[in-house]
Amino acid sequence: MNLMRNLLIRTKTFAKTLSTAGKMNDMSAFRISYNPKEPMDIDNLPSKDPMELFDLWFKEISSSEEVREPNAMTLATCNRKCEPSARMVLLKGYDSAGFRFFTDYDGRKGQELAENSNVALVLYWRPFHRQVRVEGTTEKLSPEECDQYFHSRPHGSQLAASASNQSTILPSYQVLIDKYAQLQEQYPTDSDVVPRPQNWGGYLVKPKAIEFWEGHTNRLHRRLLFSREKSEDEHVKAGLNGWHYCVLSP
């Protein structure tokens, strides 16, 4: 009941701001209280390797029905002019080497990665009041790994990747539908092997910094930063496998 009441209050407040012509839409009333299910014990970490800690968080969250797409993440890229752009993509694998995702190499993100390999990732899991930030560099995955993942996708998704020239201007949406239909005729069944387009593949994000964030009451959030860079600060501690970590102010 309290959740519904708060939602109604915020909705009425927002509607009132929209009805006031010529004034800024004030979002100050949009606010929730954070109360994590199992608070992170920074003094007794289950692992001092951030990839192992990420694995523990991800497995816990992906097993919950409250988060339908736990691998959804923001990918931020930057071109050679240092102009940033961001979009949602899907995390498709991780291990000690880093994080993997797949896309069209000729799309905007692919072009920007060719110009500037530095990226940032954010995974946010609202029901758990947790997020993970990643900063690092990218490199393309091997053709063999790209082929393996491409052919694990649903048949329709394989056709769509072949039909779409990502980020290019379409004369009309029907042009894309027609091209997809042509490929359906050429590869009508799931047993038909759809060749992976050479401009479609994956990237490995090799992390240089990984931050674990957990929302807490009164904005006393907990932030734990792991970095590959050494520091002379006495409060920066040695982790595992070449990582160092410290607690940040919220």
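Residues are numbered from 1 along each chain as its sequence is written, and side-chain values use heavy atoms, with hydrogens and water left out. As the model is predicted, local features need pLDDT of at least 70 and side-chain atom pairs count only at pLDDT 80 or more, while totals for chains, interfaces and linings use all residues.

Helices (H or I, at least four residues) and strands (E, at least two) are DSSP runs, numbered from the N terminus. Two packed helices are described by the angle between their axes and the distance between the axes. For helix 5 (residues 155–163) and helix 6 (residues 173–186), the angle is about 125° and the axes are 9 Å apart. Here axes are lines fitted to C-alpha atoms, for helices over the stretch in contact, and angles run from 0 to 180 degrees between N-to-C directions. The two helices are therefore oblique to each other (angles under 35 degrees count as roughly parallel, over 145 as roughly antiparallel, 65 to 115 as roughly perpendicular and the rest as oblique). In the contact (heavy atoms within 4.5 Å), Gly156, Leu159, Ala160, Ser162 and Ala163 of helix 5 meet Leu176, Lys179, Tyr180, Leu183 and Gln184 of helix 6. These contact residues comprise 6 nonpolar, 3 polar and 1 charged (Ala, Val, Leu, Ile, Met, Phe, Trp, Tyr, Cys and Pro count as nonpolar, Asp, Glu, Lys and Arg as charged, and the others, Gly among them, as polar).

Two strands pair if DSSP finds at least two bridges between them. Strand 7 (residues 200–214) pairs with strand 8 in the antiparallel sense over 6 bridges, and Glu211 stands opposite Leu225 of strand 8. Strand 8 (residues 222–227) is also joined to strand 10 (residues 244–248), again antiparallel, by 5 bridges. Ser227 stands opposite His244 in strand 10, and Phe226 has Tyr245 of strand 10 as its bridge partner.

The structure holds 13 salt bridges (a side-chain nitrogen of Lys or Arg within 4 Å of a carboxyl oxygen of Asp or Glu). One of them joins the side chains of Arg87 and Glu112 (4.0 Å, N to O). Arg87 lies in strand 2 (residues 84–90) and Glu112 in helix 3 (residues 108–115), so the pair ties together parts 25 residues apart in sequence.
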